[in-house]
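Me: I would like to learn how to read the features of a model such as this one, step by step. Could we go through it together?

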Amino acid sequence: MTTKLSERSDPILRVSDLQTNFATRAGIVTAVDGVSLDVYSGESLGVVGESGSGKSVTFASVMGLIKHPGKITRGSIDFLGQNILNFSEKQYQQMRGKDIAMTMQDALTALNPAFTVGDQILEVILVHDDDLSGSRRQKKQQAYQKALDMMNLVGIPSAESRMDDYPHQFSGGMRQRIMIAIALACKPRLLIADEPTTALDVTIQAQVLELIARIRKDLGMSVVLITHDLGVVSEYCDHVVVMYAGQIVESGPTAEVIKTPAHPYTRGLLSSIPSLDDLDRIIEPIPGQVPELINLPEGCRFYSRCSFATDACQKTIDMVSVAEERQVRCILKAGEY
Amino acid sequence: MTLLTNSAEISAEPSPIVRNLKMFARSRLSLVSILVVIGFFLLAILAPFIAPHDPNETDLFLRLLPPFWLEGGDIAYPLGCDALGRDILSRIIYGSRVSIFIGLSVILIATTIGIIAGLAAGFFGGWIDSAISRIVDILLAFPYLIFAIALMAMMGPGLQNILIALAYKEWVIPCRVVRGEVLSARNAEYVEAAKASGASDRYIMVREILPNILSPVIVVSTVRMAHVIILEASLSFLGLGIQPPTASWGSMVADGRVFMLESWWVSTFPGLAILLLVLALNIASQGLRDAFDPKFHD
């Protein structure tokens, strides 16, 4: 399914050299440090990393949702050819939900408990959808129909009667579906799904991911899937970006990255996944923890946890190309260890 | 909370408001108290049809007439008459208009201002919050009644001035409640989600946060209404509030002060009316709190 670089058109989202800092009492935390990535039309990009690796902050930056004391200090974010870092709050409001939609990590709390789910889908459509015409009443009727279609699209049984239910009356998987319905209500060009399945059990997880994959194909939109689960990425994403301590350490087409991981961290992530095919294989957890993001030393951030670390790793390491479309932030090349 | 799946027949559960009202009605004390409050409201609205006499009609032959069960009482004037021979029952009925009108208006004005100020302070934070919070602190530092007396002395008596004098300070109470609730609600994930789907600040404040914090505001308003009624009665008792001959419970209590030993009924019955309404409001507000607070649900 992966398209070659030469066949792809311009990316719809291009993040280059993004740096997002948080000023804390202990010092400046660089949560995102020099992240560059492209999202192409109709493609799905997986963003993988441990908690605190900066994957959510990267896309909160894209949405313009970085709150004080956070600040984007460097880089540019281009969406459909416009640098959105220059956007006014008004322009952001028009973009959010309409062109780029985001589903939040926790579907249990991301729905407003005081409104029916029908109302919550309806609102987004009423605010953003330009196709509605006629009087207020007619608009409302059209929006209602669209909201109902969304409920059916995401597979809510007996959608019409459930429009009038409150979020607490739905199960976790259903709530996640409703979140997706709200996000997709205005048919955005790009859906950012922040850990859409983390709170769900495995069978529901698969349903929700299949749903996102199906709608992506039907609507021709792009998807960014933020997750800590490489298994999910291997199943549903064309390209993958692996993040560690605020930096991208490896990027490339999913199949190739999974087959021949070039960075010791990616390798570590892969060997931490239990497998049913190979029961004799020993699961190797990565020792240690993600370093604190305050006053990081120069050089590789994985240094302290890496079993291949040498003195050469203590100087600044840039991303290097290892194959077509594949980049890695490591002095070792694939296969050298 | 019951475990809800996606089957359709369970979806008939009523909205939270209906659920809370049912919860409220389950307590008998709350139910009685709310009926008393409603009773007073009806009394106020229907006063001209219910009152047996004109509240301002004087008849010196009936001066200090005792209630009907005492010797010399007349069933036509069931609670007796005051020093000018006015029917006390009729004056209590008409007096409920003053108390309830002032209580409702002051709470309405104060809650509106308080919600706006509290939302702004809690949501925007920074210097807006500092400015509003300091004003609130300053107003809270004055004793309420003395503050109101000073204002009334400055502006002179009258219905409009009572409203101003009481609302002037009353708004800080809902303001503080709203601010606190907004502080905890503004970091809720649904607020973030609303922002991510393109909602403006005003939309988030009014449509996302406000409906979620309304129940404590309603509860506080009910308690404070009782408080405002007492304050109005106090002002009228001191002669700074409603002016004669308009019947007001506070001034009626004041009128009977001099005859307290021989004609106790002149002060006692309006006093009991204040007691009854304020008590009912307080109990009702407690019932409301229990019904709105999920901690008290089974």
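This is a predicted model: local features need pLDDT of at least 70, side-chain atom pairs count only at pLDDT 80 or more; totals for chains, interfaces and linings use all residues.

Me: What share of chain B is buried, and what share of its contacts with a separation of 6 or more joins residues 24 or more positions apart?

Reply: A residue is buried if 20 or more other C-beta atoms lie within 10 Å of its own, exposed if 12 or fewer, and partly exposed in between, with C-beta atoms placed from the backbone. By that rule 42% of the 298 residues in chain B are buried. Two residues are in contact if their C-beta atoms, placed from the backbone, lie within 7 Å, and in chain B 69% of the contacts with a separation of 6 or more are between residues 24 or more positions apart.

Me: Why is B:L84 classed as partly exposed?

Reply: B:L84 is partly exposed because 16 other C-beta atoms lie within 10 Å. B:L84 belongs to the loop between helix 3 (47-50) and helix 4 (88-124) of chain B, and its C-alpha atom is 9.9 Å from that of B:L65, 19 residues away in sequence.

Me: What span should helix 6 of chain B have, and how does this helix pack on helix 7 of chain B?

Reply: The expected span of a helix is 1.5 Å times one less than its number of residues. For the 12 residues of helix 6 (residues 144-155) of chain B this gives 16 Å, which agrees with the 16 Å between its end C-alpha atoms. Just after helix 6 of chain B, B:G156 takes a positive phi of about 85°.

For packing, axes are lines fitted to C-alpha atoms, for helices over the stretch in contact, and angles run from 0 to 180 degrees between N-to-C directions. Helix 6 and helix 7 (residues 159-170) of chain B pack at about 145°, with their axes 9 Å apart. The residues in this contact include B:F147 and B:L151 of helix 6 of chain B and B:I164 and B:A165 of helix 7 of chain B. Counting Ala, Val, Leu, Ile, Met, Phe, Trp, Tyr, Cys and Pro as nonpolar, Asp, Glu, Lys and Arg as charged, and the others, Gly among them, as polar, the contact has 10 nonpolar, 1 polar and 1 charged residues.

Me: Which strands stand at the edges of the 8-stranded sheet of chain A?

Reply: Strands of a sheet pair through backbone hydrogen bonds, either parallel or antiparallel; here two strands pair if DSSP finds at least two bridges between them. The 8 strands of this open sheet in chain A have the order 6-7-8-3-9-10-12-11, with mixed pairing. Strand 6 and strand 11 (320-323) of chain A are at the edges, each with a single partner strand, so one side of each has no neighbour in the sheet. Strand 7 (residues 190-194) and strand 8 (residues 222-227) of chain A pair in the parallel sense over 5 bridges, and A:A193 stands opposite A:L225 in strand 8 of chain A.

Me: What is the strand order in the sheet of 4 strands?

Reply: This open sheet of chain A has the order 2-1-4-5, with antiparallel pairing. Strand 1 and strand 2 of chain A form a hairpin with 2 residues between them and are joined by 10 bridges, with A:L18 opposite A:V35 in strand 2 of chain A. Strand 1 (residues 13-24) of chain A is also joined to strand 4 (residues 70-79) of chain A by 8 bridges.

Me: How many residues of each chain are in contact with the other chain?

Reply: In chain A, 32 residues are in contact with 21 residues of chain B. Helix 3 of chain A gives the most to the side of chain A that touches chain B, with 3 residues, and the residues of that side divide into 16 nonpolar, 11 polar and 5 charged.

Key:
Residues are numbered from 1 along each chain as its sequence is written. Chains are lettered from A and ligands numbered from 1 in the order in which they are written.
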